[in-house]
Amino acid sequence: MADVAISPPAVHRPVTTEPRAARIVLIAVAVLFLAFFLLLPLVVVFVEALGAGIGTYWKALVDKDALAAIRLTLLVAAIAVPANLVFGVAASWLIAKFEFRGKSVLTTLIDLPFSVSPVTSGLIYVLVFGAQGLLGPWLAAHGVKIIFAVPGIVLATIFVTFPFVARELIPIMQDQGTEDEEAAASLGAHGLTTFFRVTLPNIKWALLYGVLLCNARAMGEFGAVSVVSGKIRGQTNTMPLQVEILYNEYSYVAAFAVASLLALLALVTLAVKSFLEWRYAGELAAQRRH
Amino acid sequence: MAGAPSLALRKPSVIPGFGLTLGFVLTYLGLVVLIPLAALVLKTAGLGWSGFLAIASDERTIAALWLSFSLSLVAAAINAVFGLVIAWVLVRYRFPGRRILDAMVDLPFALPTAVAGIALTALYAPNGWVGQYLEPLGIKVAYTPLGILVALVFIGIPFVVRTVQPVIEDLDSEVQEAAATLGATRLDTLARIVLPTLIPALLTGFALALARAVGEYGSVIFIAGNIPYVSEIAPLLIVVKLTEYNYAGATAIATLMLLISFALLLAINLLQAWSRRGFDRG
């Protein structure tokens, strides 16, 4: 007995973990890596933005072009996110509740925009709607402007955020099976009633999660939007494009001020996301397993 | 259940909405994704073989593609190593600040790429917080290919961590205990029992990080310096061609990028299938 008492505790570590020294080294590597690559860039945004004082910071934000960029970003997200929300719900209902031919092809096609470079995502709309594009001459004849105008920005944003909501919902709806909906339908419930009363309560947190990620990307998209926007000040500049223009004009403080708003959006997104994962872990678990 | 494998489009179901959702999903998918992508294929086909090859064999195109794909491979490899360590530490160890660290991993998903781009440039510029210490050592990061690598590592890290994490959570401790009982050292157990289980997920994470890095634009162009033949990535070359109204050039490079990406992802898929089979046999 006495022997056990004097032996150092380290000897009794479980066989399924590493020695203390190795653990400390690994934790240090992880912390340093994340601090250097993730934390530092975030901190520098706020330091550069506020470095010239709060007055300068505020002036950069209430600048006419900056406000126009903020308005346009909000407008684009307000169209793109609901559009992809409706699509995501319809697609996940279709894929999770029915068995049909070509389902796996359809699932792959929905994920397709994730494997296309943002620049290419913009390019394809230029090829369809641009002045030299497939529909270009027809659009010009009818006085419709899509490329270098707001509709093009909205379309490109919808494309790059296309899979977000569907991707969160499909696995969780598949996990929940079809029995509840079948029961509701057998009892005579209308399709929409079934969705709102039976399905939605089970998927609401996953839905919110998908919308959150979709919104963050929609407001922050740069590559695709920069190709189709034409970057007309006060008209077709979204916030990320405004950041680029200010930065290239060496207006660093102003660039970082607008960037700090986007960084703030990222922080809020992460906070809500972490909260949802922590609070509703079970209801989001389906997506973790896939 | 029974019955011949029918030619019917779908299995019968009492749940309503099949026709409606199928119609809507196909229409929306077609209009937003498929038709525009078809325009890319159409435009490429319109160039003809000789036209396509002329652009593809252009020295500047080759230099940009080589830079994009080689740096993306290196960045994905760095992410695979550090992503594995981070995922392991987050799942297996308990230490103060772990939750915040875990939440922070997703930052590159949430932070707009242009913001990441100017922030990294501010850090690694010769007078920046990090750059000023590297400058005397003769290491230049911003405005060189090394800067591109930094941006690509930043953008890819969550892909590896988030794919490996759930697999580490599901690791079976009994097998590890058995190995230890039979006299294996911890290092042996990690290398011969744990690592092979993680390889398929690690490859998936590597592939996702690679795919993202190849197409990445916003976070790279600020820090890259964008010198043709030296630090000009393929997506930037597409933009350059577009600003010159050279739609044929832009289209051909975009198609080339897609083709190489798909070939790489296919290779990784095969490698993954092979590593899984090897593991099952062992």
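A: Happy to! Let's start with a term: contact means heavy atoms within 4.5 Å. By that rule, 87 residues of chain A are in contact with 88 residues of chain B. This is a predicted model, where local features need pLDDT of at least 70, side-chain atom pairs count only at pLDDT 80 or more, and totals for chains, interfaces and linings use all residues. Residues are numbered from 1 along each chain as its sequence is written, chains are lettered from A and ligands numbered from 1 in the order in which they are written, and side-chain values use heavy atoms, with hydrogens and water left out.

Q: How much area do chain A and chain B bury between them?
A: About 7,800 Å², with 81% of it on carbon and sulfur atoms. Buried area is the accessible area (1.4 Å probe) that two parts lose on being put together, summed over both.

Q: And which three residues supply more than any other three on chain A's side?
A: T16(A), F33(A) and L38(A), which supply 8% of the area that chain A buries against chain B.

Q: How many salt bridges are there between the chains?
A: Two, counting a side-chain nitrogen of Lys or Arg within 4 Å of a carboxyl oxygen of Asp or Glu. In one of them, the side chains of K273(A) and D106(B) meet at 2.4 Å, N to O.

Q: New topic: how is chain A divided?
A: Into domain 1 (1-50) and domain 2 (53-289), with bounds from an automatic or database domain assignment. Their centres, taken over C-alpha atoms, are separated by 37 Å.

Q: How many residues of those domains are in contact?
A: Six residues of domain 1 of chain A are in contact with 11 of domain 2 of chain A.
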